[in-house]
Amino acid sequence: MAAIARTTACLRFFGDDLNPDEVTRLLGAEPSRSARNGDVRTGPPRRQNVEKAGKWLLEAGDEHPGNLDAQIHKILAALTADTSVWAALAARFRVDIFCDLFMEETNEGLVISPETLGAMSVRGVTLSLDIYGPTPD
């Protein structure tokens, strides 16, 4: 079995009353992107979008070939290990690590170590996957 061609990973917190500054302070790192519920952002072509919920996102860089285990480890290692902080946040907000897996061939795969799965579990983090199969040329 070949390795997944490319992977992305992003830790995400969502909630109506999510304050990105509070989450940043509690986790100990700046997000890649964040917003409060009701924030207005301008997207192309000059269209305004209103955020429907607060969000705090921390992305790991793309990996070629995919290495989801390393990406998740990188994200979690940059943040507090205090499980009481994670429990409090998980009780208030929806939290997951959202991952994209891009295949170039059929039957590609990956492994996530018990250590990484355990680190996610004690923090109350769900793993969400979008898997994209190979596209015909």
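1. Start with the pair α2 and α4: α2 passes α4 in a left-handed crossing. Left-handed means the near helix is turned anticlockwise from the far one by less than a right angle, while clockwise would be right-handed. The residues in touch are Asp69, Ile72 and Leu76 from α2, with Thr116, Ala119, Met120 and Arg123 from α4; contact here means heavy atoms within 4.5 Å. By class, this α2 and α4 contact has 4 nonpolar, 1 polar and 2 charged residues. For those classes, Ala, Val, Leu, Ile, Met, Phe, Trp, Tyr, Cys and Pro count as nonpolar, Asp, Glu, Lys and Arg as charged, and the others, Gly among them, as polar.

2. Before going on, a word on what you are looking at: this is a predicted model, where local features need pLDDT of at least 70 and side-chain atom pairs count only at pLDDT 80 or more, while totals for chains, interfaces and linings use all residues. Residues are numbered from 1 along each chain as its sequence is written, and side-chain values use heavy atoms, with hydrogens and water left out. Helices (H or I, at least four residues) and strands (E, at least two) are DSSP runs, numbered from the N terminus.

3. At what angle do α2 and α4 cross? Roughly 40 degrees, with their axes coming within 10 Å. Axes are lines fitted to C-alpha atoms, for helices over the stretch in contact, and angles run from 0 to 180 degrees between N-to-C directions. The two helices are therefore oblique to each other; under 35 degrees counts as roughly parallel, over 145 as roughly antiparallel, 65 to 115 as roughly perpendicular and the rest as oblique.

4. Now look at α2 by itself, residues 68-77. Leu68, Asp69, Gln71, Ile72, Ile75 and Leu76 are buried there (under 20% relative accessible area; exposed is over 50%, partly exposed in between, with a 1.4 Å probe and protein chains only). On the face turned away sit His73, Lys74 and Ala77, which are exposed. Among the elements covering the buried residues of α2 are β2 (6-15), β6 (54-63) and β9 (126-132).

5. Which residues of α4 are buried? Thr116, Met120 and Arg123. Their arc is only 70 degrees around the axis, which puts them on the same side of α4. They pack against α2, α3, β7 and β9, and the face turned away carries the exposed Pro114, Glu115, Ser121 and Val122. After α4 comes Gly124, with a positive phi near 75 degrees.

6. The other pair to find is α1 (residues 20-27) and α3, whose axes come within 10 Å and cross at roughly 155 degrees. They are therefore roughly antiparallel to each other. Glu22, Val23, Leu26 and Leu27 of α1 meet Val85, Trp86, Leu89 and Arg92 of α3. That contact divides into 6 nonpolar, no polar and 2 charged residues.

7. Two loop details to finish. The peptide bond from His64 to Pro65 is cis, with omega near -10 degrees, and Pro65 is in the loop between β6 and α2. Asn107, in the loop between β7 and β8, has a positive phi near 60 degrees despite being a residue other than glycine.

Conventions. Arc of directions from axis to C-beta.
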